[in-house]
Amino acid sequence: MRPRLYAAIALLLALLLTGATAWAQPLSIPSLNSQADSAQGDVLSAEQAFVLLPPALGAIKTEDKTKEKQLTLNWQIAPGYYLYRDQIRISDAQGQSLNANIPQGETLTDAFFGTVQVFHQQLTVQAALPTRPEQWPLQLQWQGCAEIGVCYPPQQASVTAQQLRLSLDAEPENAEPVSATHWLALPPSVLLGPVALPTMALIVFMALFTSQWWARRQQLRSGQPVESALLQATIAGLLGARLAYVAQWWPEYWGESMADDLSGLLRMLDIRDGGWNLWAGVLAALLWALWRSRKQAALRRDSLQALAVGALIVIAGHAMRTWPATQNMALPNTPFVNAAAQTVDLSRYKGQPLVINLWASWCPPCKREMPVMAQAQKEHPGVRFIWINQGEDAAKVMRYLQTMPLPAAQVLLDPQQLASQHWQQRGLPSTYFYDASGQLKGMRMGELSRASLAEQLRVIAPREHSPDKQ
């Protein structure tokens, strides 16, 4: 019995791990030395030659005398390239220059600007931070050249207060009180080596191992087959949670147009969409445990104890992941550029439900869910869908859009991955759901199906997702 029991546990964990990690692509970027880059010879792009490092939280220091906050900015400069000292610009959102401590550079006679001071390898600048909300975000500009005689146009970037975790309230009494449950909130994902795992998947693993340990302990004490009863109850709970979710969203899994083939059945079996009904699963596991131990009081007591241990961990983890309203994270203040070469500020979409998807062309789950989201945008015109590409240049994104038709005005470029930093996300795809008031109501790390997307849309846009809209 023991080998078969452990084999069943291993199979169950492998199934859960496959479902949890198949979509959890690590947020990493392929090598910059791509074939497209090599076709340009040895000359790097401006983004590769001059890299503005994302400001870390420790980059902010307060002057002892003036109490002024100073931000440290760092550029990494590729070998064979240099930045101009006089072309470094740091200003607020209103165009006013900020006090900046720019070190002296090396003197160089340049074909473009004459005798100038330049920086090689790296540059560190300290700039005074503005204190008024209307002065944000910071606007940065720099320009550099290659030593072989290639000069680049000025490069620009923005730094938002959200990136630096700064409060911009003018008066302390107007500051929004910090929720007592803020520290209870769990991140959406955890990075384990090269794999990004959804936090709830790790919580489920923890619950399984802890309840199994408790069952083993009780079985050694009482001699009852507690481990076997717990395993059966767990499987019953998983089946019940999935079947209840499929029943709840049956039209999304098996619409009229899907009934002629096996596609609907395959969608039901594909647990990568994260479709589970927690309370139905707990109830199914409880009923099975009671039925399994109906004639053995000792087995019933021990198996219910072990089941309760696992259920409490899952319920507590689910509450910590969703109850604090995902920390009420606001939209990023960073302006983006869309595929139509227009500047887009996400705050312009306040007043309507908003779905923001972080994606990359190298991410297979991103490709699979895009047709689902594109179709949902057509079916729900009152909801605005935004696709923010992470870490890829405009040329690569435009080539990808030729095979995946999306509205160009709704596809944004984010080569510095500022959106991922804002939401503290480590895996792709990731999707965030805001209601019309700008409140974050839910997020999903991993692939979305028609059912899991419809579940979120019902929360942020109940009228759009009402039955008469179907």
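Is C145 buried or exposed? In this predicted model, C145 counts as buried, because its relative accessibility is 0% and residues under 20% relative accessible area fall in that class.

**The disulfide**

- The structure holds 1 disulfide, and the cysteines that form it are C145 and C151, whose sulfur atoms lie 2.5 Å apart.
- The torsion about the S-S bond of C145 and C151 is about -65 degrees, and the disulfide is therefore left-handed.

- C363 is buried, its relative accessible area being 0%.
- C366 is likewise buried, with a relative accessible area of 1%.

**Helix α11**

- In helix α11, which covers residues 394–401, the buried residues include V397, Y400 and L401.
- Viewed down the axis of α11, these buried residues fall within an arc of 100 degrees, so they line one face of the helix.
- As a general point, an α-helix has 3.6 residues a turn, and residues three or four places apart therefore point the same way.
- The cover over the buried residues of α11 includes the strands β18 (354–359), β19 (384–390) and β20 (411–414), together with the helix α10 (364–379).

Technical notes
Residues numbered from 1 in each chain as written. Predicted model: local features only at pLDDT ≥ 70, side-chain atom pairs only at ≥ 80, totals over all residues. Heavy atoms only, no water. Disulfide = S-S within 2.5 Å. Buried < 20%, exposed > 50% of the residue type's maximum accessible area, 1.4 Å probe, protein only. Helix = DSSP H or I, 4+ residues; strand = E, 2+ residues; numbered from the N terminus. Arc of directions from axis to C-beta. Contact = heavy atoms within 4.5 Å.
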